[in-house]
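Let's take a friendly walk through a protein model, from a whole chain down to single residues.

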Amino acid sequence: MSANGNDQGAVPTGEGADNPDTAAPASAHSNDDTTKPLPLSGIRVIDVGTFLAGPYAASIMGEYGAEVLKVEYPIGGDPMRRFGTATKRHDATLAWLSEARNKKSVTIDLRRPKGVELFVKLVSKSDVLVENFRPGTMEEWGLGWNELSAANPGLIMLRVSGYGQTGPYRRRPGFAHLAHGFGGLSYLAGYPNETPVVPGIAPLGDYISSLYGVIGIMLALRHKEKTGEGQVIDVGIYEAVFRQMDEMATVYGLSGKVREREGAGSFVAVPHGHFRTKDGHYVAIACTNDKMFERFAQAMERPELASTTLYGEQRKRLAASATVIAIVNEWAAGLTCDELLERCIAKQVPVGKLNSIADIFADPHFKARGNLLEMEEEALGKVVIPGVVPTLSETPGRVTNLGPRLGEATYEVMRELLELTAQEIASLRQQRII
Amino acid sequence: MDHEPSENLPLSGIRVIDLATVVAGPYCAGILGEFGAEVLKVEHPVGGDTGRHFGTPGPRGDTLVWVSEGRNKKSVTMDLHRAEGVRMFKDLIAKSDVLVENFRPGTLEKWGIGWEVLHAINPGLIMLRVSGYGQTGPYKDRPGFARVAHAVGGLTYLAGMPKGTPVTAGSTTLGDYFTGLYGCIGVLLALRYKEKTGRGQYIDAALYESVFRCTDELAPAYAMYGTVQERHGPHMESGCPYGHFPTRDGKWVAIACTTDKMFGRLAEAMGRPELASSSLYGEQKARIASRTDVNEIVRDWCGSMPRDEVLARCNAAGAPAAPLNNIADIFGDRQFHARRNLVSIDDAALGETVIVPNVIPRLSKTPGRIKHLGPRLGQHTDEVLKDLLGISDAEIEALRAQRVI
């Protein structure tokens with residue numbers, strides 16, 4: 001077990017030793033109340049993954065108090081540092097700054113025997129390892145489960161990859177974009193008979209697979225603390241995506257019905273879709289049942305629409321869906337977005353604006369809930385990132401720092417955790433092993 | 001059932017009360033059940049969980065959403081609008097570890113079973129509260145469904161053709177599942193803390209927040225540069241080619257050349273390695289600058305052969321491509337079979353074999369399991385009332401006659 005990273009000594013490396021991001025974050029979600037405990041303090045996580053699928057799991061662990069050591073290749077580090085929107089910092093895109101939150105960066109070249117040795121030593125002093133190389137890669141380096149569990153029998157190893165560790169496709173390159181296609185999500189985004197569109201967010205599958213990863217780690221930690229036994233968690237990004245698809249498989253299995261793209265609507269409820277307002281915005285309206293539709297008819301000031309002879313029943317609305325949708329479209333087009341929202345909200349109709357990020361920044365609810373966390377970064381000034389989710393009343397998570405500089409904590413970790421001498425560290429650095 | 005039961009479950013001994021409806025909260029309880037917790041689904045005696053009615057009706061009336069996502073749960077009916085129901089519910093809470101609920105904020109308080117009351121009964125209680133907008137903030141009383149949460153959280157705005165009406169981002173229940181996952185993480189963190197200190201807590205999970213948390217660098221890019229990301233259509237802007245391409249047989253493939261190395265492999269798969277030269281499209285910058293031309297070349301190539309041929313060539317070269325599978329493709333796919341992502345369950349109550357998505361994540365030592373599918377309404381009421389609450393047969397009869405259960 002490790003000490004909480006925040007308690008460890010200063011880092012005499014000269015670069016980024018004093019983290020500028022420890023200013024109290026402006027968020028109700030953040031554990032700026034230092035009297036509140038963190039549920040994962042004392043847990044050390046090694047994150048040797050790249051990009052997001054897996055590393056986001058380590059970030060969540062860090063938000064709740066685990067010490068997360070990001071082990072990176074000495075030259076350039078995690079390619080995520082260069083993926084996405086650039087900043088004035090050459091080693092950090094905005095995606096890196098946000099999603100590598102709370103981590104410490106340690107450089108080790110795993111392609112060199114000495115690097116492998118250091119890494120095994122690090123793993124032997126840690127609780128959790130997160131990796132997302134193509135299956136077989138760690139084994140090629142002599143860092144497979146057999147070697148690592150021999151060094152640390154209690155180790156929990158999260159392995160995230162496009163297709164999982166087994167099966168015929170396991171060696172194929174796996175990105176979220178491909179997993180959305182393979183897992184059945186992308187096929188369903190867009191209009192029937194048109195080319196499917198990206199389902200909103202390119203790395204969605206990376207986030208989802210990481211959430212399953214955290215659940216696996218938390219379960220494995222329980223088992224480890226009872227028995228001392230570690231284990232492997234195997235997550236394929238595609239199967240995390242597929243698991244989101246509610247009754248799609250069950251329906252196909254029973255009836256052979258293939259779900260198709262629904263455009264801006266739904267095949268199971270009407271009106272349940274997106275509508276354009278007079279001022280060019282869009283709203284989502286979700287009348288999942290007859291009670292909701294009745295309220296909606298009142299909001300439209302056409303209560304007669306909810307009568308049993310007209311569209312009071314879902315069955316009838318589905319049968320006449322084109323007519324019902326046309327009525328709603330016409331009504332929506334006569335109101336501004338704000339007017340429409342106000343009328344629907346007054347009648348408790350499930351409605352929401354299709355928010356752009358500009359809308360989100362202006363929204364009082366996002367503000368009240370602390371969903372936008374402002375952090376100060378030494379070189380960049382103010383950086384806004386999404387706050388911690390979920391909110392725990394006794395042990396809330398927190399963000400202590402943004403994505404670290406490459407190798408910022410190498411010296412500290414080599415010196416204090418691996419107990420190398422300053423001379424040994426200098427020599428490793430000279431050979432570019434760290 | 002072709003899923004080996006595991007005796008070695010990490011949550012055995014944990015009791016969860018699932019008072020939630022439809023998907024978000026219940027999915028969290030479902031995961032806890034897959035890994036060994038006893039999950040008691042407390043439902044209204046008339047009609048039960050609304051999840052039994054939303055979706056495609058199955059062979060015995062309950063929808064297939066319920067049949068699949070009600071897995072492993074025991075159904076206990078109890079009317080919480082009645083004093084007797086509330087009393088039994090409190091007794092149940094005293095003997096449980098976790099409560100999952102997703103009523104509109106304030107509803108449980110109105111029934112006299114808010115956090116303060118339940119926490120006093122069971123100081124170690126962990127309460128997951130799921131709602132559209134969370135327990136605080138100006139919108140907390142608004143009704144929230146996943147479709148609305150996708151809109152509010154910023155996901156829907158990005159799905160669709162650039163100037164067209166935004167479309168459903170693939171599935172209307174994504175936000176429910178995401179929130180179930182975040183909620184489950186919260187419960188597992190809280191369980192850990194409880195086991196160390198004896199102290200319970202509540203978790204406040206909002207559908208829109210779970211969606212918003214997955215929006216990548218949308219927020220930092222707006223804050224720093226004022227960039228408002230717009231709908232992507234079938235292609236992402238951050239790489240090229242990086243999108244969906246039609247094939248000759250009317251299907252589609254996803255291709256994601258996020259790096260130059262990946263494009264090199266694609267050029268090889270296309271039999272045109274020269275495209276990856278530095279004077280042509282070898283660098284991402286050059287490809288993005290000539291996006292229309294590059295996409296055109298890839299589209300022509302994909303359109304000249306059936307999907308499986310495109311994929312065979314890409315796979316041989318290690319190029320990043322995958323099919324846009326529909327559910328029929330998924331049922332026929334070797335990888336889904338090899339990973340046993342689809343599990344067939346002979347359900348006595350349904351009288352039919354039902355196929356549902358299997359448990360994920362896969363744990364090597366303590367894998368989860370599906371014991372049975374969604375139970376019939378009230379199937380376990382007698383068992384739980386008798387064994388757990390010590391209520392006599394006669395009292396149960398009386399409660400039933402009064403429709404409290």
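In chain A, 71% of the contacts with a separation of 6 or more are between residues 24 or more positions apart; two residues are in contact if their C-beta atoms, placed from the backbone, lie within 7 Å. This is a predicted model, in which local features need pLDDT of at least 70 and side-chain atom pairs count only at pLDDT 80 or more, while totals for chains, interfaces and linings use all residues. Residues are numbered from 1 along each chain as its sequence is written, and chains are lettered from A and ligands numbered from 1 in the order in which they are written.

Chain A has 17 helices and 12 strands. These are DSSP runs numbered from the N terminus: helices are H or I with at least four residues, strands are E with at least two. Of the 434 residues in chain A, 59% are buried. Buried here says that 20 or more other C-beta atoms lie within 10 Å of the residue's own; exposed says 12 or fewer, partly exposed is in between, and C-beta atoms are placed from the backbone.

Now look at where the two chains meet. Here 120 residues of chain A are in contact with 122 residues of chain B. Helix H7 (residues 204-227) of chain A gives the largest share of chain A's side, 13 residues.

Which strands does it hold, and in what order? It is an open sheet of 7 strands with mixed pairing, ordered S12(A)-S6(B)-S5(B)-S4(B)-S1(B)-S2(B)-S3(B). Two strands pair if DSSP finds at least two bridges between them. At the edges, S12 of chain A and S3 (73-77) of chain B each pair on one side only. S12 (residues 391-392) of chain A runs antiparallel to S6 (residues 201-206) of chain B, joined by 2 bridges, and A:Thr391 stands opposite B:Asp204. By contrast, S1(B) and S4(B) run parallel, with 3 bridges; B:Ile17 has B:Leu99 in S4(B) as its bridge partner.

Finally, find helix H3 (residues 83-94) of chain B. Its buried residues are B:Gly85, B:Met88, B:Phe89, B:Leu92 and B:Ile93. Seen down the helix axis, these fall within an arc of 145 degrees, so they line one face of H3(B); the arc is that of the directions from the axis to the C-beta atoms. They pack against strands S1 (15-18), S2 (38-43) and S4 (98-101) and helix H5 (115-121) of chain B. On the face turned away from this buried side, H3(B) carries the exposed residues B:Ala83 and B:Ala94.
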